[in-house]
Amino acid sequence: MNNVDLSNHKGKVVTVTSGNGGVGKTFLTASFATGLAKLGKKVIILTTDINNHILAMLLKVEWGERLTVYTTYDNKKLIVNEKTQGLNYWLKNGKGLLVKVRENLDCIPLENFPNINKTLEKLLYKLKYYYDYIIIDNSFDEKRSPVIFKYSEKIIIASSGGVFCTKGINRILKEVDISKISNIIFNKYLDWKISRENYKKITEMLKGTPINLPDRIKELSIIRILVDDSKSIWESNDQRIKETQGIIMNILKRL
């Protein structure tokens with residue numbers, strides 16, 4: 001990917017973020033990326049969250065005591081460690097490892113805590129020349145996230161509707177250009193009183209804004225089964241997943 005004409009870049013940067021952990025941000029990232037790839041778009045996933053398991057969610061994994069071995073979509077064995085030419089290597093050198101996770105879908109693994117700086121802009125423009133969508137899985141923090149938000153065309157905020165829901169969403173809203181936020185998604189939703197109240201609060205808060213609040217994505221056993229089997233929601237014909245597929249597809253239409 002050297003010596004490309006960056007004036008012809010075409011791709012769009014979409015960041016999936018959350019103000020709280022455990023809301024299924026990485027599941028949403030995987031669902032958006034595989035959905036767009038299924039529609040024939042060229043997509044790449046970047047993650048800035050050292051604790052996420054995006055590769056395990058999309059690739060077969062052999063869990064060892066010391067090593068985790070992934071099998072890529074093109075049937076290669078992969079071990080990710082600090083020597084991997086992942087995101088930090090890309091930021092420093094402008095090239096590195098691309099992991100094929102599905103047809104039309106690649107991923108740049110994260111080998112260590114990300115060193116997000118001004119070189120991110122150059123990397124994103126380079127990737128935008130080759131990909132229709134760059135999907136960034138971002139765990140919100142005050143240091144790295146504002147840089148990522150700056151170079152994002154669209155931002156999706158994930159929440160679960162739990163007790164810290166509104167606090168997490170407001171943390172992000174203070175740091176981002178509101179015109180970039182396309183959706184706030186209630187994921188892993190359980191129909192509890194506090195969840196219903198928080199959904200109502202966010203609904204009222206978003207009135208008069210262009211931000212979409214889609215139907216809630218419910219916590220379902222079928223989703224856990226698919227995740228454990230390294231399958232996306234698009235690789236199942238189970239009737240229990242149809243509603244989730246429809247919600248995600250409607251979100252993709254806004255990107």
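Between two axes, angles under 35 degrees count as roughly parallel, over 145 as roughly antiparallel, 65 to 115 as roughly perpendicular and the rest as oblique. The model is predicted, so local features need pLDDT of at least 70 and side-chain atom pairs pLDDT 80 or more, while totals for chains, interfaces and linings use all residues. Residues are numbered from 1 along each chain as its sequence is written, and side-chain values use heavy atoms, without hydrogens and water.

**Exercise 1.** Determine how helices H1 and H9 are oriented to each other, and which residues make their contact.

*Solution.* Helices (H or I, at least four residues) and strands (E, at least two) are DSSP runs, numbered from the N terminus. Axes are lines fitted to C-alpha atoms, for helices over the stretch in contact, with angles from 0 to 180 degrees between N-to-C directions. The axes of H1 (residues 25–38) and H9 (residues 242–252) come within 10 Å and cross at roughly 70°, and the two helices are therefore roughly perpendicular to each other. In the contact (heavy atoms within 4.5 Å), H1 contributes Phe-27, Leu-28, Ser-31, Phe-32, Gly-35 and Leu-36, and H9 contributes Thr-244, Ile-248, Ile-251 and Leu-252.

**Exercise 2.** Describe how strand E4 pairs with E3 and with E5.

*Solution.* Strands pair if DSSP finds at least two bridges between them. E3 (residues 60–63) and E4 (residues 68–71) pair in the antiparallel sense over four bridges, with Val-61 opposite Tyr-70 in E4, and a hairpin joins E3 to E4 through four residues. E4 and E5 (residues 77–79) also run antiparallel, joined by three bridges, and Val-69 has Ile-79 in E5 as its bridge partner.
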